[in-house]
Amino acid sequence: MHASDHSTPQLPNRLCEDWRFGAPHRHAAALAQLMQGGTRRGSITVEGADDALGDWHVDDVRSIGSDALLALHQAAEGVGLYLQHDYAEPISITCETDGVFTPAVHIVARAGVHARIIERHICRGEHSAMVCARRIVAEDGAQISVELQEEGCGTSRVLNITDITARGACVRHLTTHANHEWAREETTAEALGNTADIQLFSANRLEGSQMLDQHTRQLHSNRGCASNLLYKNVLDGRATAVFAGNIYVAPGAHDTDAYQSNRNMLLSENATVHSLPGLEILADRVRCSHGSASAPMDAEQLFYLLSRGIPRHQAQLLVADGFLNDVFTRFRGE
């Protein structure tokens, strides 16, 4: 074995490109310690589904820099949801803990299935933590939307590793993070088969010293597929937001249509944003682009509300809500 080879994955550190701004020396080490030392406890409930349900454990879920943490996740409690017909009402999945929990969620939508899934991850206890591995697979002609709601207790830490595969299907995926001390989100989305379409959305409000670290990869392996990403954050206090996204178009994946947009509204001079969108294109006849912008609240919008007698704080909240509401509107396809 060469000196550079490793029998086990290494914990994230400052030299890892995928963790460069994510404070790995503090948060990753703390998560690993909790996963190794503490008793894991939590619950998973599913409502609104009558298709086959079964246990599921982590198996070849793609991560973006968290292989070591994922390796500690192997014995997690999990659920598999296999959708074989249309659902008129939303399906609800709830993962909840007041300590340390490492759930796994596997959603498979068979060909032609239409469904909406609302997934909630709730951390209630002081200094609680959740590390969730998720796999979403949609077969030819399926149309599914998955909304992930992260709810913390102010001192909680969470890591979500999501692996999406759309085989000629349409997948819409939305994440929101609220009230966590630190949250990291890794989303890998691969479009396979002609006409596959993946839409990724995120809307978050950060305050105090909260940190949100988001990494994404949009993978186009076949021709004629589309993907779109829109991530928006509102930051106040000393909050920090990190976004590192990559669009990869494989050789031969011609006629790809992919876009990536990261927008941030800063309500405080002490808030920090690191935004690194990127493209890697190895095919012809593609339409791929990305955009990133971080700026204070629009002064004209704020002045319009103040001039009508609305108190400044309430006016700021209204402008921020409108900024984030654009994400929810697009996610719903309105």
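1. Which residues of helix 1 (residues 27-37) are buried? They are His27, Ala28, Ala30, Leu31, Ala32 and Met35. Buried means under 20% relative accessible area with a 1.4 Å probe, protein chains only. Helices (H or I, at least four residues) and strands (E, at least two) are DSSP runs, numbered from the N terminus.

2. This is a predicted model, where local features need pLDDT of at least 70, side-chain atom pairs count only at pLDDT 80 or more, and totals for chains, interfaces and linings use all residues. Residues are numbered from 1 along each chain as its sequence is written, and side-chain values use heavy atoms, with hydrogens and water left out.

3. What covers the buried residues of helix 1? The cover includes helix 2 (67-71), strand 8 (129-138), strand 10 (157-167) and strand 12 (182-192).

4. Strand 15 (residues 226-235) is largely enclosed by the rest of the structure, because eight of its ten residues are buried. Strand 13 (residues 197-206) runs parallel to strand 15, joined by ten bridges. Here isoleucine 198 stands opposite serine 227. Strand 17 (residues 257-266) is also parallel to strand 15, again with ten bridges. Leucine 230 stands opposite serine 261 of strand 17. Strands pair if DSSP finds at least two bridges between them.

5. The largest cavity holds about 50 Å³ of space. Its lining includes His177, Asn179, Leu206 and Met211. Strand 11 (170-178) and strand 14 (211-220) each give two or more residues to that lining. A cavity is a set of points on a 1 Å grid over the protein atoms alone where a 1.4 Å probe fits but cannot get out; lining residues have an atom within 4 Å of a point.

Technical notes: Buried < 20%, exposed > 50% of the residue type's maximum accessible area, 1.4 Å probe, protein only. Contact = heavy atoms within 4.5 Å. 1 Å grid on protein atoms, 1.4 Å probe; cavity = no way out; pocket = protein on both sides within 12 Å on 5 of 7 lines; lining within 4 Å. Points joined across faces, edges and corners; volume = space filled by probe spheres on them.
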